[in-house]
Each structure stands twice: as structure tokens, then as C-alpha cells.
Amino acid sequence: LKQSKLTAIMAMIPSLSTSPMNNENCERNRRVKDSICQSCYAVAGCNQYSSLDKVLLQNSDILKDKIDVSSIRTSTIYYRFESHGDLINENHLDNLVRIVKNNPQTKFALWTKHYPITEKYFDTHKKPKNLQLQYSSLKVNHELKIEKFKHCDRIFTVYDKETSKKQNINCGSNDCFSCGLCYNENNVQYIKEIKKGK
């Protein structure tokens, strides 16, 4: 498994991620009208950088099966899962949860649009206290409602510039390490970000 060193607003937060290129759920979401996945930055990155594409595809191939994760150790305050891809199946999620349990000194966060996997899994598995679970809204400007779910900590939604004027935007003004909102237990249930680019 290859871990990533993130840059820009994600600096100082390492990541373990898979590829959006061979994930059936991601491929399906990219065909949904007005979805944030239609302008996926990770797909653009994989198309531009063959080395990134190769590493993420390799991670996907490994994490889709249940593996020994005992050698994966962290030394950071925060750690992000899936900065590029998304959950593949329950084996993938179980691998990540065991990494979290093996590293209680680190606060982990997982973003996913594949919440049927997490909802089913955490019905029968206890969610570690050092894991924050964010469900990402699929469509721009259309916020999921947290009360529909049993296990997520907060909802993450992207808004276009015009619609964002009517929203309480609370993501993007600080770097993620300084903010820490998505990685710490708190009462914030909705994260709102302005769409980048076009």
C-alpha cells in the first residue's frame, strides 16, 4: 500500500486512497446529472499523472480484499481516508477500520458517497471513537439530511458560487490541519464548501 503526502490545504495530513478510475460506484456517479463527480479532480489527476494513477489502482487492488494491516502505523494527529477514490466494498471498509483501531493516537476521517456500505457495516461493528465519518452529498447544491442515517458524523456538501451566498459556508477558509473540524468530535453536523473551478 502506498500512502500519499497531500499538499495545499491538505498539507500535513497523510492519506490512504484508492482510484476513482476502476471503482464501479464512482463511474456510475460520474454519469449522474449535476453531480459533483462529473467534475472529479481525482480523475483529472489520474489522467494527467500516470504515476499517481498506477499507485491508486494498486491500492484499489489490494484493499478490495481483506488484508493484514498490522504494519500500517501512523505518527500524525490527523489522517484522511479516500482523498481521491471511494469505498469499493465491505472488505475495503473493514481494512480501514482495523487501521484506525491499530492507531488510537491518530484521528481519522473517511469521506464517502457509498454510505450503504458503511451503514450496513456499522450496524454490526462498533465505530471507533477516533474515526469521523462524513457522507458526501452527490449533487451540487443538494444536501443530504443527516437524520436519514444512523452512523455518519456529518454531511459534506458542495455549492456553486451563486447558491453558496445563501449558505453558511464553513469549509475552505483555513487549511485542514489548522481547522480540524472534520477530524474531531464536535456538534457540527453539516460541512459546506464552495465548488472550485467552473
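Begin with Arg-80, which stands opposite Ala-109 in β4. The model is predicted, with local features needing pLDDT of at least 70, side-chain atom pairs counting only at pLDDT 80 or more, and totals for chains, interfaces and linings using all residues. Residues are numbered from 1 along each chain as its sequence is written, and side-chain values use heavy atoms, leaving out hydrogens and water.

Now show β3 and β4 together. They run parallel, joined by 4 bridges. Strands pair if DSSP finds at least two bridges between them. Helices (H or I, at least four residues) and strands (E, at least two) are DSSP runs, numbered from the N terminus.

Follow the chain from β3 through α4 to β4: this β-α-β crossover is right-handed. That is, with the strands pointing away from the viewer, the path from the first strand over the helix to the second runs clockwise.

Stay on β4. Of its 6 residues, 5 are buried, so the strand is largely enclosed by the rest of the structure. Buried means under 20% relative accessible area, exposed over 50%, and partly exposed in between (1.4 Å probe, protein chains only).

Select Thr-112: its bridge partner in β5 is Tyr-135. The chain goes from β4 through α5 to β5, again as a right-handed β-α-β crossover.

Zoom out to the sheet. It is open, with 7 strands in the order β1-β2-β3-β4-β5-β6-β7 and mixed pairing. At the edges are β1 (4-5) and β7 (190-194), each pairing on one side only.

Go to β6, residues 154-159. It runs parallel to β7, and 5 bridges join the two. Here Thr-157 stands opposite Lys-192 in β7.

Next, select α4, residues 90-102. This helix lies across β2 (14-16), β3 (78-81), β4 (107-112) and β5 (131-136), at about 165 degrees to β4. Axes are lines fitted to C-alpha atoms, for helices over the stretch in contact, and angles run from 0 to 180 degrees between N-to-C directions.

Finish on α3, residues 50-63. Which of its residues are buried? They are Asp-53, Leu-56, Asn-59, Ser-60 and Leu-63. Turn to the face away from the buried side: it carries the exposed residues Ser-50, Ser-51 and Lys-54.

Technical notes:
Contact means heavy atoms within 4.5 Å. The expected span of a helix is 1.5 Å times one less than its number of residues.
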